[in-house]
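Student: I would like to learn how to read a few features of a structure. Please take them one at a time.

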Amino acid sequence: MRLTAGLVLWAAASSIVLAEEKPTLSGDSTDLAVPTTASAVSAAYSEKGDFDGFRNHIKIGARRQAQVKEYEEIHAILNDYQKRIDKKDELLLIQHRGSLSILKIRQDVLQKLPEPLKTPVCMLQKVYSRIIGWTPTRGFARVFSLHRKQPDFIKATVQRLEKLADDGYEHAMILLADMKMYGRYSTTMDLKSAFEDYQKISEKTGSAEAQYMLGFFYSTGIGGVPQQNSLALLYTTLAAMQGHNAANMVMGFRIKMGLGVPAECSKALGYYLLVAGPSIEHYRSGPPLGRTMPEYRTRLSDEAGSVYGVSTGPYSLHRFVTREELVELVDYYRFSAQKGNLKAGLALADLYYSGHRYMPRNLTTSAWHVRNVLSHIFTADGKPRSDLTQAEINVAGHAAGLYGLMLLRGEGVEEDTRLAAKWLEIGTGLGHGPAMNALGYMYQNGIEVTASDEDAIELYKKAAEKSHSGGQINYAMAVMSTMPKAAMNSLNRSARNGNVLAHYTLGTMYSNGAKESEMKCHLAVASFCFVAENADWLHSPFPEASAAFRRGDLAASAVHYMRAAEMGYSIGQLNAAVLLEHASRATDESLPSTAALYQNKELLDRQAMVYWTRAANQNVPDARIKQGDYYYYGRGVPRNPTKAAAAYRIAADAEKNGFAMWNLGYMFENGIGVPRDFHLAKRYYDASLEANESGRLAACASLVRLCAKYLWAWARGEDVGDAPLFFAPRLVTKAKEATGSGSSNGAFKAVDKHNDEDSDAAGGGQNENENENANLDANANANHEPQQRLLPLDRHNEGGFQPDAWDLGDDELDGDADSDELMSEEESTVSESVFFVVLFLAAAWMFLPLR
């Protein structure tokens, strides 16, 4: 009888899918290992003869299955509601701000006015708003208060979720904490309460997600939580040990950069490999030829017209299409396509297939446009018309290849491999690279064609010659054993084109020799890091960050971007710094901002400084100048003009940034952070004028001011250098150069020396109150310090930076070099004095029109 009951129980257990969280076996079974299959569970209990425990186990499994089903239903309802209010908020925000970026809506002018003028200006603004009836502030206030009241059905759904959490279901508890963390589902953001919830979940269940979020709180100090890098590392490590992808990325980035822990390449490699491996598996688990890559990440500074609102250098601003421009472009393509313009119709198909920041992918619409183009180019028997021009033939190849690819992958149309092979053959014949790669895949796997490795390799090679990254990696993998040199060349080209599979393959190759070669280890880390940051379907915070920014919720957007920053994304560090700085400088509390994340402006500035520095260390344009600004003005760190000059010099030399050059010119002109040197000031003003045309007015005005200051200092007998400011430079003897008199040779040497002395004390630190675990809590100090050595301005001078080592012409080199001596002050000619007078009068005349 007991045997029959056992068989019945085993049959019932085999129909139950065991939950991810393994329940504790009841009864006399504490010494049993947790089994993973129903048959193993049955065998374990049969050996113990504990059929009552087996019944309880089945009940637990059935209850957990019911909890999973209910949670999925609740999650679907809440997500659908969130999508609807996100769309409404975004449309309302567009209606109220038009084409103006949220980041540009500030009241900095009021902040700069003298105190006696602020009150009357504010009163005038209030009167104006009453007359007009609307201001940007009121518009934003309406947007952000519109959906703060939960509908009744959402309240009921949240109550169901709370009941599920009370029953001990971990995912429900995490979702409730996330609601408070990000202000989801029309709830108010409550960071302190979210932190407490994550603590309870971590203590109760040991959840990896809760531990990761606790590490994030301790690392950033949001919500009033004290920054403690020792605890941040502890909780993040615990989450990483459980396979949490985001935690693994945080640990990999910290160890790679040496933030709070010793930099160790081999350990960083291990963490990044744990993320890159599952990412590639997820990439391959999609349709043929892999999943579509995640959406493009936008730099918020580009929407605001760069970090400073204007272009400061060759890399400071990336051009992007605004929403209004995209709408106009789509309307133009539609109008042209209706008039029979095949190229416009194909452009629409590509746009809907790839998607855009302001227009999600629509594969069905893309397939319709492709078919429409094909119907105008091909006859009924599938052959191109005989009267096609070369441009129309190119369009035909692209359209045929795209349609064949969509049929092969089942995107926007029903999957049809037979029809896909037909259109891919046509696209290949017309020279379409992606069609060649896809057809090679079909030959390699014998899909609707006879399997042939030779034909597949030939097609991959043709696609690689068309610079298609997929063809390059497939060709490399196909000939790796027979032609390793050609394979490596193709593999490297594919990696340069951004193919994640190529980067993963290279990373695997480099990691095999990582123990013997430090260089190979760093190359492997770089490759796996690229995969982890670009093939991030499973752990990317960018979709939620971008959605929150588009609907105007800057606080939630900043939290997501800060998560990305902690994970090592350079764009996340830039965007987080931009949002935190925006909150710090905003004056109107009713405007959207991130001020709720920190208790005061100093904490905002400190964290913004951390992210500006991390972004600068990853070569993000303008970030190094921002780091210098924070040192110069003392925002978030003690004021230190010397370190500001060091940061500006790195930006000027490495990035050719005109703004940094102008800043250095100003500091040398006034002796701020560096010794006063009119000649170096002029050099940097001239360099700024050449590097950035948009700053011509400022550079010219600064040169006039510099001339006036130089003349005034010369007239007063001050040391202005050995050579006139605008004359050809004089020779400098070795003895004079050694003493350093009459030159500024030691200007940046002093900067370098100061940085060497203070390399461990920059930035004040994030944990001023944290005395224990000092070796782990040095994170902020490392974050604030410029990590790149100062570069010499004159790269042709191998002996180092020597401002007085001027290039000499052939005439000046004639004669005996030993007889060259510096001209004395008494040998100045009358013509030289006349030149100074004329130059001063010219400078004064330039200012007359401005009076």
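Student: Is Cys700 buried, exposed or partly exposed, and at what relative accessibility?

Tutor: Buried means under 20% relative accessible area, exposed over 50%, and partly exposed in between (1.4 Å probe, protein chains only). Cys700 has 29% relative accessibility, so Cys700 counts as partly exposed. By contrast, Cys529 is buried, with a relative accessible area of 7%.

Student: What kind of model is this?

Tutor: This is a predicted model, in which local features need pLDDT of at least 70 and side-chain atom pairs count only at pLDDT 80 or more, while totals for chains, interfaces and linings use all residues. Residues are numbered from 1 along each chain as its sequence is written, and side-chain values use heavy atoms, with hydrogens and water left out.

Student: How many disulfides does the structure hold?

Tutor: A disulfide is a covalent bond between the sulfur atoms of two cysteines. The cut-off here is a pair of cysteine sulfur atoms within 2.5 Å. The structure holds one disulfide, joining Cys265 to Cys521 with an S to S distance of 2.1 Å. The link of Cys265 and Cys521 is left-handed, with -115° about the S-S bond.

Student: Which parts does the pair tie together?

Tutor: Helices (H or I, at least four residues) are DSSP runs, numbered from the N terminus. Cys265 lies in helix α13 (residues 265-284) and Cys521 in helix α25 (residues 518-534), so the pair ties together parts that are 256 residues apart in sequence. Both Cys265 and Cys521 are buried.

Student: How do I read the span of a helix?

Tutor: The expected span is 1.5 Å times one less than the number of residues. Helix α19 (residues 417-429) has 13 residues and reaches 18 Å from its first C-alpha to its last, close to the 18 Å expected.

Student: Which residues of α19 are buried, and what covers them?

Tutor: The buried residues of α19 include Trp423, Leu424 and Ile426. Among the elements covering the buried residues of α19 are α17 (363-377), α18 (390-409), α20 (433-445) and α21 (453-465).

Student: Where does Arg184 lie, and with what is Arg184 in contact?

Tutor: Contact means heavy atoms within 4.5 Å. Arg184 lies in the loop between α8 (170-182) and α9 (191-205), and is buried, with a relative accessible area of 15%. Leaving aside neighbours within four places in sequence, Arg184 is in contact with Gln82, Asp178, Met179, Glu544 and His560.

Conventions
Helix = DSSP H or I, 4+ residues; strand = E, 2+ residues; numbered from the N terminus.
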